[in-house]
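I opened a new page for this one. The entries below follow the order in which I looked things up.

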Amino acid sequence: MKTRKKNSKKRLIAAAIFLLALHLAILLAGFVAPYEPAVQNRDFPYVPPTRIHFIDARGHLHLRPFIYQAVARADSLYEYTEARDQEFPVRFFVSGSKYKIAGWMPSHTHLFGVNAPAQVFLAGTDNYGRDQFSRILYGGQISLAAGLLATTVSLLLGLCLGCISGFYAGWIDESAMRLAELFLVLPWLYVLLAVRAFLPLHISPSQTFLLLVAVIGTIGWARPARLVRGIVLSARSRKYVTASRGFGASDAYILRRHVLPHTYGTLLTQAALLVPQYVIAEVTLSFFGLGLSEPKPSWGNLLANLQQYNVLVSYWWMFAPALALVLVSLGYLTVANAFHQQLQSGSI
Amino acid sequence: MMPSMTSGVKSPIRYLERRAIHALLLLLGASLLSFLFSSLAPGSFFDEMKLNPQISPETVAALRAQYGLDQPLPVRYVRWVKSVFRGEWGYSFAYNQPVRSLLMVRARNTLLLTTLAMALAWLIAVPIGVWIASRRGRWDDQLASASTSLLLSVPELVLALGLLYLVIRTHALPVGGMVSTGFDRLGSWEKVRDLAAHLIVPVTTLVLASLPILIRHVRASMMEVLQAPFIQAARGHGIGRSRLLFCYALPAAANPLISLFGLSVAGLLSGSLLVEVITGWPGLGPLLLEACFSRDIYVVIGVVMASTMFMILGSLLADVMLLVADPRIRTDHA
């Protein structure tokens with residue numbers, strides 16, 4: 001048992017570090033991405049991921065990795081070879097296009113890059129020759145932010161309704177829980193699409209984003225609300241609550257001081273479970289074309305390229321956003337699992 | 001003895017009655033909720049027409065009046081409920097026909113896909129879950145838990161696209177839709193084969209997506225039972241391992257699993273929507289998506305109601321199974 005607990009703690013730390021790095025990379029997309037997400041290279045559609053070399057054509061080992069420039073083959077469309085005659089070393093902290101670090105500090109230093117005319121496409125390019133790696137990073141900003149914000153909305157709603165319902169009981173509790181049951185029973189994707197169907201289709205990207213967050217977050221309030229209600233219900237009948245009531249404590253004080261702290265562990269676990277679910281929800285909507293649309297990248301509309309048969313079959317690197325999605329869910333679910341185990345062993 | 005006997009006969013019916021009323025209330029709630037959301041809609045199907053200079057605003061207004069869209073929400077709701085009782089389920093603007101006729105075929109296809117996926121998923125999950133519960137902490141348990149966590153973090157969207165990629169690359173199976181062209185000319189045996197070939201990708205996706213959760217739950221509830229004294233006793237009597245697991249422990253662990261069966265229908269339906277759209281399976285999913293784009297509100301409401309009904313049917317089925325499996329519920333008055 002003890003080793004199991006230790007293992008779970010180790011796993012928690014590893015997953016947390018991994019998630020932190022991932023979020024940081026996405027937050028600092030401008031710095032990590034070598035190019036701007038909207039820059040098109042019309043001459044280079046569907047370039048496969050650039051290979052990083054260490055050994056050149058003459059068999060010499062280079063300590064600094066280098067790439068070859070991609071050139072279109074003359075005989076066929078959308079096929080490329082490497083121009084082996086000139087090596088382009090991968091340079092770090094190069095200056096390139098202007099961007100703002102995390103949205104406010106202007107800068108033009110990028111983590112890595114190569115000298116012109118070569119270009120490095122770590123995850124290949126799309127139909128307009130846009131660098132997919134950069135687009136995945138920038139798209140992650142939207143997808144992750146949507147997931148995180150929607151989770152906040154859900155948890156806040158769940159916390160409020162759960163507290164009220166558990167603390168005051170009676171008809172409020174009864175009606176809130178019936179409503180929660182209704183929300184739990186409905187297949188979420190159907191509801192999500194239906195609600196989206198009733199909202200305007202053609203609005204500005206920022207409006208769409210807020211709308212998505214609101215819709216996704218609102219639909220998921222039921223589960224956290226029920227969990228919180230259960231905890232509040234059991235905390236309410238503790239002796240120290242009765243005691244503090246006897247000392248004249250107000251409801252608000254009791255809730256804040258004696259009841260809420262019990263919910264933190266559960267809320268944390270729920271958050272770790274909900275974030276990947278909501279990221280996937282945003283991705284799904286954008287994939288269907290009901291979320292954010294081009295040219296703003298999101299993991300959903302990046303994946304939507306795969307709806308075209310020829311893209312799905314011929315350009316495997318268009319699956320790269322899916323990998324990012326899987327990594328994010330894996331990270332969060334591992335954290336959620338570890339939280340859950342710690343919660344059960346009573347250390348949160 | 002006598003009173004408990006009579007209540008033992010009466011209460012399962014009352015139990016089912018209560019569950020059925022509950023289900024009806026849920027349906028009512030779902031329809032109210034959909035209508036409430038639909039009233040948030042700023043535009044309607046006919047707004048696109050307004051952009052067309054050849055259609056006069058009066059025509060659009062007349063059409064709106066004809067379909068009752070100019071009425072207040074309660075009136076629209078009552079009209080809709082009436083049309084449900086007439087068996088029409090509202091009227092589709094885009095298809096120009098009652099919603100029910102649209103829904104029936106699509107619902108049948110979705111039902112085929114989901115029941116098949118569900119049955120397969122449980123058939124696979126139960127033996128695996130039971131087995132790894134009995135091997136707690138050994139290599140196969142750890143392998144299973146690692147692979148379920150990995151599978152859990154692959155969303156259905158990615159699973160479906162990945163499978164589709166594999167199938168197309170290997171040319172192993174026909175892709176897209178439910179049947180091949182020229183289906184009508186095939187013999188009945190070939191028809192079944194063709195349908196089965198089209199079913200493989202969507203069903204596999206759904207099974208893979210629902211497996212990890214099912215396996216985990218089977219394992220967890222088996223673990224609890226395996227620690228019970230009666231299992232020790234049975235082992236002491238020299239009952240064989242597989243007989244012990246499947247004939248003694250599994251029935252005792254079945255209760256939470258049956259409840260899970262009812263709950264898992266919702267997740268399966270959501271997954272099915274996605275898979276249907278991606279693989280072109282003509283179920284409720286593509287219909288809903290089309291209706292979303294054309295703002296065909298009664299079709300949207302109809303699809304949501306149909307999916308809710310599946311959901312409720314699933315949980316009613318679970319209730320019946322619980323009744324059969326657990327004698328405690330049969331005699332319980334609560």
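**Entry 1: a salt bridge in chain B**

I began with B:R19, which counts as partly exposed because its relative accessibility is 28%. My cut-offs were these: buried means under 20% relative accessible area, exposed means over 50%, and partly exposed lies in between, with a 1.4 Å probe and protein chains only. The side chain of B:R19 meets that of B:D319 in a salt bridge, 2.7 Å from N to O. This pair links distant parts of the chain, since B:R19 is in helix 1 (residues 2-38) of chain B and B:D319 is in helix 12 (residues 297-325) of chain B, 300 residues apart. B:D319 has 8% relative accessibility, so it counts as buried.

I wrote down the rule for a salt bridge: a side-chain nitrogen of Lys or Arg within 4 Å of a carboxyl oxygen of Asp or Glu. Side chains of opposite charge can pair when their charged atoms come close.

**Entry 2: ground rules**

I noted that this is a predicted model, in which local features need pLDDT of at least 70 and side-chain atom pairs count only at pLDDT 80 or more, while totals for chains, interfaces and linings use all residues. Residues are numbered from 1 along each chain as its sequence is written, chains are lettered from A and ligands numbered from 1 in the order in which they are written, and side-chain values use heavy atoms, leaving out hydrogens and water.

**Entry 3: salt bridges in chain A**

I read the total over all chains, and it is 10 salt bridges. In chain A, the side chains of A:R130 and A:D126 meet in one of them at 3.0 Å, N to O. Is A:R130 buried or exposed? A:R130 is buried, because its relative accessible area is 3%. A:D126 counts as buried too, at 2% relative accessibility. I also found A:D126, A:R130 and A:R135 linked in a network of salt bridges.

Next I looked at A:E181 and A:R178, whose side chains meet in a salt bridge of 3.2 Å, N to O. Both residues lie in helix 4 of chain A, 3 residues apart, which is about one turn of the helix. A:E181 is buried with a relative accessible area of 16%, whereas A:R178 counts as partly exposed at 44%.

**Entry 4: chain A as a whole**

I counted 12 helices and 5 strands for chain A. Its C-alpha atoms fill a box of roughly 85 × 50 × 40 Å along the principal axes. Of the 348 residues in chain A, buried ones make up 50%.

**Entry 5: one threonine**

I picked A:T151, which lies in helix 3 (residues 132-168) of chain A. A:T151 counts as buried because its relative accessibility is 3%. A polar atom of its side chain lies 2.6 Å from the backbone oxygen of A:G147. Leaving aside neighbours within four places in sequence, A:T151 is in contact (heavy atoms within 4.5 Å) with A:A271, A:L274, A:V275 and A:Y278.

**Entry 6: two positive phi angles**

A:Y46 is not a glycine, yet it has a positive phi of about 50°. A:Y46 sits in the loop between helix 2 (29-32) and strand 1 (53-55) of chain A, and it counts as buried at 6% relative accessibility. B:N96 is not a glycine either and has a positive phi of about 55°. I placed B:N96 in the loop between strand 1 (91-92) and strand 2 (97-98) of chain B, where it counts as partly exposed at 48%.

**Entry 7: where the chains meet**

How many residues of chain A are in contact with chain B? I read 39 residues of chain A against 50 residues of chain B. The two chains bury about 4000 Å² between them, 80% of it on carbon and sulfur atoms. Buried area here is the accessible area (1.4 Å probe) that two parts lose on being put together, summed over both. In chain A, A:Y190, A:F198 and A:F288 lose the most area to chain B, together 21% of what that side buries.

Terms used. Helices (H or I, at least four residues) and strands (E, at least two) are DSSP runs, numbered from the N terminus. A polar contact is a pair of N or O atoms within 3.5 Å; within protein, one must be able to donate a hydrogen and the other to accept it, and residues adjacent in sequence count only if both atoms are side-chain atoms.
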